[in-house]
Amino acid sequence: MRQRNTSLGDLERVVMDTLWSHGPELSVRDVMDHMGGEKDLAYTTIMTVLDRLAKKGLADRTRDGRAWRYTAASSREELAATALRSTLENVQADRKLAMVHFLDDASPAEIDDLRAALAEVERRHG
Amino acid sequence: MTGVVVTAALIVGALFTVLAAPHLLARQTWLRSTPGETLFLWQAVALSGVVAALLAAPVAVLSLPTDRPWLRLAAYAVSLAMLVRLLVSGHLVGTDLRRRRAEHRQLVDILGERIERTDARAEGVTVLARGNPTVYCLPGRHDRIVLSREALERLGPEELDAVMAHEQAHLSQRHDLLLELFTVLHEAVPRRVRADAALDEVHLLAEMLADRAAARRVGPLALAHALVAMAGGHRGDAGGEAGGTAYPGPPAGTLAGGTQVTTRLRAFAADPAPGWARAGIFTVAVAQLLLPVLLLLPLLWTTSQFL
C-alpha cells in the first residue's frame with residue numbers, strides 16, 4: 001500500500017510537470033505523448049492521476065466532447081509561494097508542532113552570540 | 001477524615017500541577033542538561049495533573065458524608081465536563097494538525113525534487129527549489145524530510161549528515177506525538193491560565209533531544225557547525241530572484257531563533273549532567289506519576305473497612 005501510494009505520488013509530480021510545461025488544455029493522450037516513452041504507462045493510469053490532481057484542486061478540467069482537458073490550476077511559482085506560506089503558517093499557528101528549524105533571520109548581535117557559543121563548543125570538543 | 005484529607009490533597013495537587021507546575025518547571029533551565037529525563041518529567045506532571053483533576057470531584061462526594069444524590073451527580077458532571085473538554089481539545093488539535101501536514105505534504109511532493117539518502121528512514125527526502133535555508137520534517141504516516149535548495153547549498157557534507165540525523169531523530173522518536181500531547185493539554189485549560197513558556201520549553205527540550213541524537217551520530221562539532229551555518233547571516237539572500245517575488249521572512253522572535261540556537265549550542269559546551277542527576281529526575285517523575293494512585297490507597301483502605 002505504502003509502495004503504491006509513493007509511486008502514484010511520483011507520477012503526480014511528473015504529470016504536473018507536463019501540465020506546466022506543455023499546457024494548457026491537455027487531454028490524457030496529450031499528457032502521455034509529452035511524457036514520452038520514458039515510462040510504459042497505461043492510458044487509464046494517467047487518467048487516474050489526472051483525476052486525482054483535479055480532485056486535489058491542483059488541476060482544472062473542462063469538457064471536450066467525451067473527454068476532459070486538463071490545465072494546471074496555478075503556476076509552479078504560485079504553488080511554490082503557497083508551499084512556503086503554508087510552512088510559515090504552520091510555524092506561526094502551532095510552531096510547537098511544526099518542527100521547522102533554522103527558518104529565522106538572526107540579528108548581528110545574535111550571530112555574535114552564536115559564534116561565541118560555537119567557539120565554546122570547539123574548545124570543548126575540538 | 002481520610003476522605004477529607006485525600007480530597008483536599010487531590011484538589012491541591014490538581015491545582016498545583018495545572019496552574020503552577022508548568023510555570024515553575026519552565027523556569028528550571030538547569031533541567032535542560034538532561035532533555036530526555038526532563039521531558040519524561042513534564043509528561044509525568046501533565047498526566048498526574050489530569051488524573052488528579054478528574055478524580056477530585058468524584059472522590060470528594062464518595063468520601064464525604066452526604067445523603068443528597070444531586071451532589072453526587074454534580075460531581076460526576078464536573079469530571080465529565082473536564083474529560084469532554086480534554087477530548088474536544090485533542091480532536092481539534094489532532095485534526096487541524098493532520099490536515100495542515102497532509103496539505104503541505106501534497107505541495108512538497110508536487111514541487112519538490114526527491115533525493116536518495118541511505119541515512120534517512122523517512123519515506124522521502126525532498127528538496128524544495130526556493131525559500132530560506134530551511135530543514136524540517138513532516139511527521140506522520142507518510143513522513144518526509146524537507147530541505148530547501150539553499151540549505152543544501154549552504155551545508156557541507158558533514159553538516160548535512162548532522163541535519164539529517166537531527167530530523168531523523170525527531171521522526172523516529174516521535175517527538176510530534178509528544179508535542180501534540182502537550183499542545184492538547186495546553187489548549188484544554190482556559191486561555192488565561194495557559195503557560196506559553198511551558199510549551200516553548202518542551203519544544204526546546206525536543207530540539208535538544210534531537211541535537212543529542214545527531215551529535216551521537218556525527219559528533220558535536222559537525223552538529224554545531226550545521227546549526228551556525230543554518231542560523232547565521234543569510235539576511236537578504238532570499239527574494240529578488242525569479243520574478244522578483246520577495247518572500248516575507250518570519251517575524252522576529254517567533255521561531256527557533258538565533259537565541260534558541262545559541263542555547264542549544266551552549267548545551268554542548270557545558271559539562272554533561274552527572275548520572276545521579278538523571279536518575280534523580282527520573283525518580284521524581286515516576287513518583288509524580290504514582291502520586292494520584294498513592295493518594296487513593298488510604299481511601300480504598302478505609303472504605304473497605306466499612307464494607
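Which residue of β2(A) does Thr62(A) stand opposite? I looked this up first, and found that Thr62(A) stands opposite Arg69(A).

I noted that this is a predicted model, in which local features need pLDDT of at least 70 and side-chain atom pairs count only at pLDDT 80 or more, while totals for chains, interfaces and linings use all residues. Residues are numbered from 1 along each chain as its sequence is written, and chains are lettered from A and ligands numbered from 1 in the order in which they are written.

**Entry on the hairpin of chain A**

I saw that β1 (residues 59–64) and β2 (residues 67–72) of chain A run antiparallel and are joined by six bridges; strands pair if DSSP finds at least two bridges between them, and helices (H or I, at least four residues) and strands (E, at least two) are DSSP runs, numbered from the N terminus. Two residues lie between β1(A) and β2(A) in this hairpin, and Gly65(A) in the turn has a positive phi of about 65°.

**Entry on the annotated spans of chain B**

I read in the unreviewed UniProt entry that "transmembrane region" is placed at residues 6–26, 38–61, 73–93 and 279–301 of chain B; such positions are given in the numbering used here, feature names are shortened, and annotations may be inferred rather than shown by experiment. Residues 6–26 of chain B are 100% helix and 0% strand, with end C-alpha atoms 28 Å apart, and residues 279–301 of chain B are also 100% helix and 0% strand, with end C-alpha atoms 32 Å apart.

**Entry on helix packing in chain B**

I next took up α1 (residues 2–27) and α2 (residues 35–63) of chain B, which pack at about 150° with their axes 8 Å apart (axes are lines fitted to C-alpha atoms, for helices over the stretch in contact, and angles run from 0 to 180 degrees between N-to-C directions). α1(B) and α2(B) are therefore roughly antiparallel (angles under 35 degrees count as roughly parallel, over 145 as roughly antiparallel, 65 to 115 as roughly perpendicular and the rest as oblique). The residues of their contact divide into 15 nonpolar, seven polar and no charged (Ala, Val, Leu, Ile, Met, Phe, Trp, Tyr, Cys and Pro count as nonpolar, Asp, Glu, Lys and Arg as charged, and the others, Gly among them, as polar).

Last, I looked at α5 (residues 157–172) and α8 (residues 220–231) of chain B, whose axes come within 8 Å and cross at roughly 90°, which makes α5(B) roughly perpendicular to α8(B). Six nonpolar, one polar and three charged residues make up this contact, including Glu158(B) of α5(B) and His225(B) of α8(B) (residues are in contact if their C-beta atoms, placed from the backbone, lie within 7 Å).

Notes:
Contact = placed C-beta atoms within 7 Å.
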